[in-house]
Each structure stands twice: as structure tokens, then as C-alpha cells.
Amino acid sequence: MSSQRPVRLGVVGAGLMGRELAAVCGRWSQLIDHPASPEVVAVADPNPAARDWFQRVPSVETFADDWAPLLEDPSIDALYLAVPHHLHEDLYVAAAAAGKDFLAEKPFGIDASSAQRIAAAIDGSDSFVRVSSEFPFFPGALKAYAYAASGALGDILEVRSQFAHSSDIDRNKAINWKRRVETCGEIGVMGDLGLHVAHVPLRLGYAPSSVYSLLDNVVTTRPGPDGSSVDCDTWDNALLACRAPQPDGTRDFSMLWETRRIAPGQMNSWSFEAWGMDGGVRFSTRTPTTLQRFARRDGEQVWEEVQPGNVSAWPVISGGIFEFGFSDALMQMWASYLAEREGALGDRFGTATVAEAVAAHRVFDAALRSNVSGSAERP
Ligand SMILES: NC(=O)c1ccc[n+]([C@@H]2O[C@H](COP(=O)([O-])OP(=O)(O)OC[C@H]3O[C@@H](n4cnc5c(N)ncnc54)[C@H](O)[C@@H]3O)[C@@H](O)[C@H]2O)c1
């Protein structure tokens, strides 16, 4: 094995996603050969209970109640910034000003103008920044991406990119920051799930030129901390009907971006589907061990099933026939970020760029305008 450079990571926001990173680092030895070896050495969170969870991570040396000590610590190589959306801009701009490398969480600012200000701050800094988007690292998703990128679709007919869960189907579920405009953003579910559906299409060059939106806020109140009813004012579900030019600039095609917090029967399903005149491909994390490809063969139309196996961008010790899951996708995304930071990504798939996060925000902004105007809007 080639030598691995140690990378000392700081986590800002010790919630759901901050803890996931600690778990990823704890099993980094699963990767066969990677240029970096990360460990979480510092954590910042104003909530003592969230911070205290990190007592179980032996490598953590610093426990802070705000982010400043982590941004100022020269022994920390890179940061993972996983805080509520209304804090993204202050934190990301401060991290760039401190010259820290970081993996930012989506949606990368509470709205499009916030995303642009963050991007400008990063442009003027030495920070290496990427944005979290793990689902395309499923082996089936990587294969679907590579198939579409190869030109095998021919003239593109339609693309569908979806993320659907049903966390909010229970009307009595308590309110949280992701369900409030103030903390999640006016884009609501698009802030929560939108970059997940935007990343692969944008990487393929499928950039929406117009957006018509159907936005739904189904559950408008939820129980607050004391049980009383509190406004739940974010969009629950968003269906964006887009037009996008073919990568060669010829005829436009139709593209649907769907994000839903209330999708009956769905647990946490990310899917990507693209059809063209010559071929087609579809993959869903709901059936993670298979993807389908379309071809016309001997005068017949054939959807064939392919099992990609456990063949990830960064090889692992696990058997090639063992099933891949969410935690594996997160580890692959971190492997991608840390390798790219070392200049060692090569031609492997990389996590979302700052430009992609800003482009996604422009689409979500057009969706909000479309909802008001009732017409398609340009991003
Ligand atoms: N990539 C993914 O699949 C994925 C999944 C869920 C959430 N996210 C994103 O991750 C980010 C965090 O979401 P989460 O689900 O972990 O939320 P969470 O509520 O579980 O955790 C957020 C943490 O941030 C802390 N916090 C609040 N103010 C802070 C401050 N000033 N300094 C430091 N910490 C502070 C909170 O106390 C909390 O512990 C969001 O941007 C969200 O969109 C990404």
C-alpha cells in the first residue's frame, strides 16, 4: 500500500451528519489504498449533549461550544461544516477567510444570493471546498452516470432525477429546524434534498434553461417543543419540470427534478433515469444491487438488468459481491473529497463542486419564482 497522509478533521455541527463522519473515519481501514488517512480531532457545537456524543471518539482532543477555535487551530487540516442552513453563510465565509479547506453541507447557503456570496468568498481564498452529495457513489449510480456520460443515450428524450422519503407523513411529528423557512430557507424541501437530485444532471451537462414548478406545503402546522401547534411553513414536496439543451447544444429535452418529504411508500429513495433514442439507464437506491439499461437489439426493445456488485470508485476490502449501502456511499464521498484535496482524484467521480451548488440554487430560485408567476422561469 502507498503511504497515507494523516488528515486532522474538525467537525462543526455535531448532529446527525457530524456523527456520520466520525463513524466513516472509524472504519477507514475498509479502503484498500487511499492517499489520506482522516481522523476527527475537534468538534464544535453549542449543544453539550451533541458535543458529548464525541467523547466516544478517541481521536477527539478539542470540544468547543462555537466554531471559532476550530477555524483558528493551525493543526486542523480540514473541516466538515454540518449546521442548519441559516448558519451556512456566516460559517462558510468565515472558514474561507481563515483559509481552511472544508466539505460544506448542502444546500450551501439558505438561498441563491447567499450561495453566490459564499462562492465569491471561496474564490478569493485558498480553501479547497466541495459540497456533500453521497448518493451518486452507489456503484449502480456511478455506472448509470458513466453510461449517460458515454453518449450511449443518443438524442436525449427525458431525464428524471428524484429523491423521495416519507419522514413527514406523520402529521404529529414534532417541528424541527428543517421544517421552518427561517432556518431551512424558503426553498424548503429543495434545500433539504435538492442538491441530491441536481448533482448528477449538472455533472452530465444537463443544465435547466427553464423551470416550471409545482410546490406543495401539505402539513402547515406541527407540534412545537411544548406540544402547542407551530407553523410548519416549508414546502414538503417539489416537482420541477425543466427544459435543458442537449449537451451538443441541439434540441432541448425534458427533465424532471423531484424532491419529496411526503412520498407514500418511500423510505429514502434516490433515483436517476435517462432515456434517449439509442439507449436508456435507470438506477434507484431502493433496489441498490441492480441497474437497468435499455437497448434496441435484433429489432426488439430490451430493458436488461445489470448487477454492478460492490465495485466502488475507491476499492474496499469487502467482497465484491457484498451489498453496498448509505454508509458506504458516505465513505466513498469522503474518499473522493480527501483524494481530490490531495490532487489524486484522477478520472474518478468527485462530489459536488461549489459551481454545481450555486447552479442548483439558481434552479430552486427559478422554481420559487415560477410558483408565484405560474409560468416557466429561467434560472
Ligand atoms: N448529505 C446528506 O445526506 C445530509 C443528510 C442530512 C442533513 N444534511 C445537511 O447537513 C447539515 C446539518 O444537518 P443535520 O441533519 O446534521 O442537522 P442536525 O440538527 O442533526 O445537526 C445540526 C447540529 O448543528 C448544531 N449547531 C447549531 N448551531 C451551531 C453553531 N453555531 N455552531 C456549531 N454547531 C451548531 C446543532 O446543535 C446540531 O447539533 C444541513 O446542512 C443539512 O442539509 C445532509
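Tutor: Helices and strands are here DSSP runs, of at least four residues (H or I) for a helix and at least two (E) for a strand, numbered from the N terminus. The model is a predicted one, and in it glutamine 332 has its place in helix H9, which covers residues 326-341. Glutamine 332 counts as buried because it has 26 C-beta neighbours inside 10 Å, where 20 or more are required. Leaving aside residues up to four places away in sequence, glutamine 332 touches Phe137, Ser312, Ala313 and Trp314. The C-alpha atom of glutamine 332 is separated by 8.5 Å from that of phenylalanine 138, although the two residues are 194 residues apart along the chain.

Turning from this residue to the domains, the protein chain is divided into domain 1, residues 5-131, and domain 2, residues 135-373, and their centres, taken over C-alpha atoms, are separated by 23 Å. Between them, 34 residues of domain 1 are in contact with 37 residues of domain 2. On the side of domain 1 that touches domain 2, at least two residues each are supplied by strands S1 (5-12), S2 (36-44), S5 (101-104) and S6 (129-131), and likewise by helices H1 (16-26) and H5 (112-123). The largest share of that side, five residues, comes from H5. By residue class, the side of domain 1 that touches domain 2 divides into 21 nonpolar, six polar and seven charged residues.

Key:
Residues are numbered from 1 along each chain as its sequence is written. This is a predicted model: local features need pLDDT of at least 70, side-chain atom pairs count only at pLDDT 80 or more; totals for chains, interfaces and linings use all residues. A residue is buried if 20 or more other C-beta atoms lie within 10 Å of its own, exposed if 12 or fewer, and partly exposed in between; C-beta atoms are placed from the backbone. Two residues are in contact if their C-beta atoms, placed from the backbone, lie within 7 Å. Domain bounds come from an automatic or database domain assignment. Ala, Val, Leu, Ile, Met, Phe, Trp, Tyr, Cys and Pro count as nonpolar, Asp, Glu, Lys and Arg as charged, and the others, Gly among them, as polar.
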